[in-house]
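Here's a friendly walk through one protein model. Take a look at it first, and then we'll go through some of its parts.

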Amino acid sequence: MPDTPASTCRIGVVVEAPQHSGLWGALDYLSAQPLVPGTLVRVPLGRRVVTGVVWSGTGFDEQAPAVEEASLKAVLEVLDGLPPLPDAWRQLVKFAAGYYQRSLGEMALMVLPPELRQLDALQWGRRLKRLNKAVAEPSVPDPSALPELTPQQEAALAQLAEPGDKPFLLWGSTGSGKTEVYLRQAQRALDEGKQVLMMVPEINLTPQLEARVAERFAGRRIVSLHSALTPAQRLRNWLMAHYGHADLILGTRLSVFTPLPRLGLIVVDEEHDPSYKQQDGARYSARDLAVYRARLEKVPVILGSATPSLESWFNALPESEGGTGRYVRLAMPARVGDGDMPRVRILDLSRAPKQLRGQEPPPVAQELLDAIAQRVEQGEQSLVLLNRRGYAPVLHCSDCGWKSGCPHCSAWRVFHKVDRTLRCHHCGFTERVPRACPDCGNTDIHPVGRGTERLEEQLAEALPQARLGRIDADVTKHKGALEERLANVHAGEVDVLVGTQMVAKGHDFRRITLVAAVNPDSALFASDFRAAERQFALLLQAAGRAGRDADVAGHSEMWVQTWHPMHALYQALRRYDYADFAAQQLKEREMAGLPPYASLAMLRAEGKTQQAAQDFLHAAVEAVQHLAEEIGGITLYPPVPTPVQRVANVERAQLMIESPMRPALQRFLGQCQHVWLELAKQNRRSGLIRWAVDVDPLSI
């Protein structure tokens with residue numbers, strides 16, 4: 001190639017830019033030399049210098065018009081020594097940006113470690129030297145005895161070994177040994193010199209899996225990627241993966257974007273969990289992107305769950321049964337050791353003794369309390385599940401009716417007794433509990449309802465001989481607190497564990513023989529069509545914490561306190577019949593035209609007033625109604641306030657967009673973006689704060 005003046009070497013660079021800027025693609029810059037796509041550079045953007053990713057252009061483009069140096073800004077620095085981000089990574093980012101209706105630069109830079117985005121070339125050079133020193137040669141692993149496989153594990157691994165390009169849905173009951181299947185399949189990939197990406201939904205499950213993986217693959221380089229790491233740790237682990245030094249990468253949802261030069265397997269554990277869906281910014285689904293990435297890079301992907309999402313279940317059903325047949329279903333219904341699942345006992349609260357007027361019912365029925373006391377006497381553990389933290393959902397004045405509402409949100413502030421505060425779980429606003437009612441001065445203000453903190457206190461009064469423990473977001477917010485409390489449970493220092501959904505999934509408690517759900521009815525009549533699916537998954541996962549040791553599985557129990565004992569959800573739970581529950585739900589979804597039989601998107605708006613938010617949404621509908629008619633099959637529903645319509649003094653509203661065909665919805669959203677962008681600029685003065693499109697929303 002002939003020498004080319006620096007001024008004519010034109011490259012496209014994507015930079016992080018907010019949605020309202022309208023910068024959806026790459027920006028043109030000048031470079032003194034051709035740069036490979038995927039190279040990280042430092043470029044000027046307005047008055048700032050930012051990190052960008054070279055997206056296109058490796059030299060002089062004869063088709064491009066001549067450009068004066070004064071017209072375009074030049075690349076300032078190149079992060080030398082960092083391998084370019086691979087083509088597959090850029091394709092994944094491009095797909096995610098297009099599908100979830102975000103700008104290319106926002107998606108590309110968001111998924112890079114924050115510290116990497118802040119380093120200049122000099123700082124990067126120092127960090128690279130430190131990384132090279134830290135990379136030690138892996139030790140030779142000692143061969144350890146592997147657990148004997150069950151027939152169903154062997155059958156699953158045999159199917160995984162067969163050639164094919166379909167994703168695998170590993171549907172196994174809790175305690176059936178799904179993790180062992182992951183580890184055996186990971187060993188196959190590692191033996192071929194490949195890297196393995198294992199994803200979990202929440203941070204508190206990562207250390208547990210990390211310990212098991214480290215024990216199995218001693219001598220292999222294992223790194224974790226999640227938000228609990230320091231920025232320096234996260235960058236180091238990401239670089240280990242990107243350079244190909246790390247063999248196994250364990251991470252939460254953002255790890256799906258980790259560049260891996262020799263990827264050989266992707267595992268998505270607890271694939272049904274809503275934590276895989278980002279709820280702000282670029283609202284992507286890591287599970288769905290894992291499936292796309294596996295197809296893109298031609299590697300197997302395993303989605304594992306005892307209660308698969310209905311979308312995954314639908315894709316794993318053969319066409320003859322009304323599904324799509326896109327996934328291969330691997331069934332593992334039996335527990336390791338052939339232990340029984342806990343017997344489900346439905347406790348009908350309508351038959352419990354009636355309380356005097358004004359008297360609060362006990363948190364746990366006497367029959368259940370006796371069962372827990374019996375476990376304590378036998379030296380066994382119990383888990384009591386209540387998915388609401390704090391002491392009580394609200395404080396109430398019996399004289400004037402005052403309740404502890406949040407002044408900044410349309411929600412109640414929760415009473416936390418341990419520090420005598422009223423705390424909003426939406427905006428974080430916290431105040432000391434008032435000595436008297438702020439409205440009438442009555443000193444008799446009392447808690448209404450029950451959270452985990454109050455439940456723990458009441459159980460301690462009812463079971464003075466028991467050692468109680470609690471695990472929820474309030475007591476585990478400090479580093480190491482969760483691990484310490486879990487260690488106490490495993491060591492047998494807790495007789496009765498009170499917890500939220502944090503302890504209902506993934507944990508291997510060997511001594512728990514009784515699980516009780518004390519207030520599960522609230523999800524039965526929620527407005528969200530996915531509420532029943534989530535509740536069934538939570539209860540079945542919770543049941544799986546009991547009887548995991550085959551020696552105690554025979555007398556383990558799952559108690560459910562309910563006012564609706566004949567509800568179909570509880571009857572399916574009693575039989576552990578997920579297939580029947582899924583069939584009922586899919587039938588209802590098909591009749592209502594809901595996912596997976598339709599595709600949804602939500603247009604969300606936030607404003608200084610509810611009127612401002614809804615005005616923007618009404619104008620947005622009017623502006624694109626003709627596009628909906630041209631494309632066909634697009635339904636735009638009227639705007640409505642969100643279930644919690646005010647958070648931190650910001651009013652929120654939404655409208656639902658529905659189509660039976662996913663491509664039609666994507667085409668419609670793509671054509672609407674520039675229209676809504678211009679409309680938002682016009683509505684800034686009338687109180688609109690921000691707007692966003694949420695594709696495949698989880699919360700309605």
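## Ground rules

Contact here means heavy atoms within 4.5 Å. Residues are numbered from 1 along each chain as its sequence is written. The model is predicted, so local features need pLDDT of at least 70, side-chain atom pairs count only at pLDDT 80 or more, and totals for chains, interfaces and linings use all residues, while side-chain values use heavy atoms, with hydrogens and water left out.

## The nonpolar cores

Let's start inside. A nonpolar core is a set of buried Ala, Val, Leu, Ile, Met, Phe, Trp, Tyr and Cys residues joined through side-chain atoms within 4.5 Å. Buried means under 20% relative accessible area, with exposed being over 50% and partly exposed in between (1.4 Å probe, protein chains only).

The largest such core has 128 residues, and F257, I657, F668 and W676 have the most contacts inside it. Who does W676 touch? Setting aside neighbours within four places in sequence, W676 is in contact with L603, F616, A620, V624, I657, L669, W691 and V693. Another core lies apart from that one; it has 27 residues, including F168 and L248.

Helices (H or I, at least four residues) and strands (E, at least two) are DSSP runs, numbered from the N terminus. M199 lies in strand β7 (residues 195-199), and it counts as buried, at 0% relative accessibility. Beyond its neighbours within four places in sequence, M199 is in contact with a list of residues that includes G251, S255, V267 and A290. The C-alpha atoms of M199 and I266 are separated by 7.8 Å, although the two are 67 residues apart along the chain.

S255 sits in the loop between β9 (248-251) and β10 (263-269). Is S255 buried or exposed? At 1% relative accessibility, S255 counts as buried. Its contacts, again leaving out neighbours within four places, are L197, M199, L225 and R293.

Two strands pair if DSSP finds at least two bridges between them. Three strands make an open, antiparallel sheet in the order β16-β17-β18. β16 (414-416) and β18 (430-432) are at the edges with a single partner strand each, so one side of each has no neighbour in the sheet.

β17 (residues 421-423) pairs with β18 over three bridges, in the antiparallel sense. Within this part of the model, L422 stands opposite E431 in β18.
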